[in-house]
Amino acid sequence: MGYTANNWNHLFKLDPAKEISDEHLDRICESGTDAVIVGGTDEVTLDGVLDLLSRIRRHTVPCILELSSMETITPGFDYYYIPMVLNSMEKKWVMDLQHQALKEYKALMNWDETAVEGYCILNQEAKAFTKTNCTVPDEEDVLAYAAMAENFFHLPVFYMEYSGTYGDPQLVEKVKNELHHTKLFYGGGIENSFQAGEMKKHADTIVVGNIIYEDIKKALKTVKAANETNDE
Ligand SMILES: CC(C)=CCC/C(C)=C/CC/C(C)=C/CC/C(C)=C/CC/C(C)=C/CC/C(C)=C/CC/C(C)=C/COP(=O)(O)OP(=O)(O)O
Ligand SMILES: O=P(O)(O)OC[C@@H](O)CO
Ligand SMILES: [Mg+2]
């Protein structure tokens, strides 16, 4: 596994389709977060991605591009995250787009800076759930997807994605107990220190997105909470 940055507690995810002021961006980059992800589901353009990249590059924080389309593949990031949506009903979102992209970019890729994420999308209201034609997984399904991510595909990351809503900490704990090598990412609806700590108790890494655009002060507090909470 070439994925070197695997001891991260906290990540911020910035959406290139949303506006953020320089002041807020600076505070995110200097917050003590382990890295900043650039990624989103809808209306993500190359211009939007490059704008964020150049602004984040004024800081030393590592910068990751999470790919959601062929159009936004671009050099210059420290790491690349490539989603596979395990609970999609269409093979396109599990491996066909990735296969297509590899035909074009394989020769340019550095696997040491690339991590494939096995996504399980649990919020049926999330844009990514609809876009990738997911089914709602029950507990048994989620645990089986986690086992599949680790033992079939040997993925570096299993991502419990509740984008836009706060998830179920007990399920996160159960999934964590299923994983021994694959890192568990939790993302969705984290809005305060308590929630950051509650999810970080079980997940290896928490990802904080939307609250950045709603309440920057609350967003910034999640960093300390994530770093003060030890895995159980
Ligand atoms: C020199 C050079 C060009 C270097 C780069 C080489 C490189 C790294 C090449 C990449 C090769 C490769 C295999 C690329 C894959 C490309 C691809 C199209 C993959 C498909 C990914 C996929 C399945 C996307 C589906 C949607 C999804 C899961 C998105 C993840 C992000 C997400 C869920 C964001 C949350 O959404 P948000 O918009 O915030 O939601 P809300 O608005 O509701 O909050
Ligand atoms: O935007 P929120 O709901 O914080 O979710 C974070 C991240 O998991 C989105 O991909
Ligand atoms: Mg979002």
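**The two ligands and their surroundings**

Modeller: In this predicted model, 28 residues surround ligand 1, and the closest are Thr41, Glu66, Lys127, Glu161 and Asn210; a residue counts as near a molecule if one of its heavy atoms lies within 4 Å of it. Residues are numbered from 1 along each chain as its sequence is written, while chains are lettered from A and ligands numbered from 1 in the order in which they are written. As the model is predicted, local features need pLDDT of at least 70 and side-chain atom pairs count only at pLDDT 80 or more, whereas totals for chains, interfaces and linings use all residues, and side-chain values use heavy atoms, with hydrogens and water left out.

Biologist: How much of ligand 1 does the protein bury?

Modeller: Taken alone, ligand 1 exposes 1,100 Å², and the protein buries 93% of that; such areas come from the Shrake-Rupley method with a 1.4 Å probe, and for residues only the protein chains shown count as cover.

Biologist: Which residues are around ligand 2?

Modeller: Among them are Lys13, Tyr159, Glu161 and Asn210. An oxygen atom of ligand 2 is 2.7 Å from an N or O atom in the side chain of Tyr159, and a backbone N or O atom of Gly189 lies 2.9 Å from an oxygen atom of ligand 2. Taken alone, ligand 2 exposes 300 Å², of which the protein buries 94%.

Biologist: Why is Lys13 called buried?

Modeller: Buried means under 20% relative accessible area, exposed means over 50%, and partly exposed is in between (1.4 Å probe, protein chains only); Lys13 has 13%, and therefore counts as buried. The side chain of Lys13 also makes a polar contact of 2.7 Å with the side chain of Glu66.

Biologist: What makes Tyr162 buried?

Modeller: The relative accessible area of Tyr162 is 8%, so Tyr162 is buried. Leaving out residues up to four places away in sequence, Tyr162 touches residues including Leu122, Asn123 and Tyr186, where contact means heavy atoms within 4.5 Å. In UniProt, an unreviewed entry places the feature "binding site" at positions including Lys13 and Tyr162; annotations there may be inferred rather than shown by experiment, positions follow the numbering used here, and feature names are shortened.

Biologist: Why is Lys18 called partly exposed?

Modeller: Lys18 has 33% relative accessibility, and therefore counts as partly exposed. Apart from its neighbours within four places in sequence, Lys18 is in contact with Asn210 and Tyr213.

Biologist: What joins the side chains of Lys18 and Asn210?

Modeller: A polar contact of 3.2 Å joins the side chains of Lys18 and Asn210.

Key:
Polar contact = N/O pair within 3.5 Å; in protein donor to acceptor, adjacent residues only side chain to side chain.
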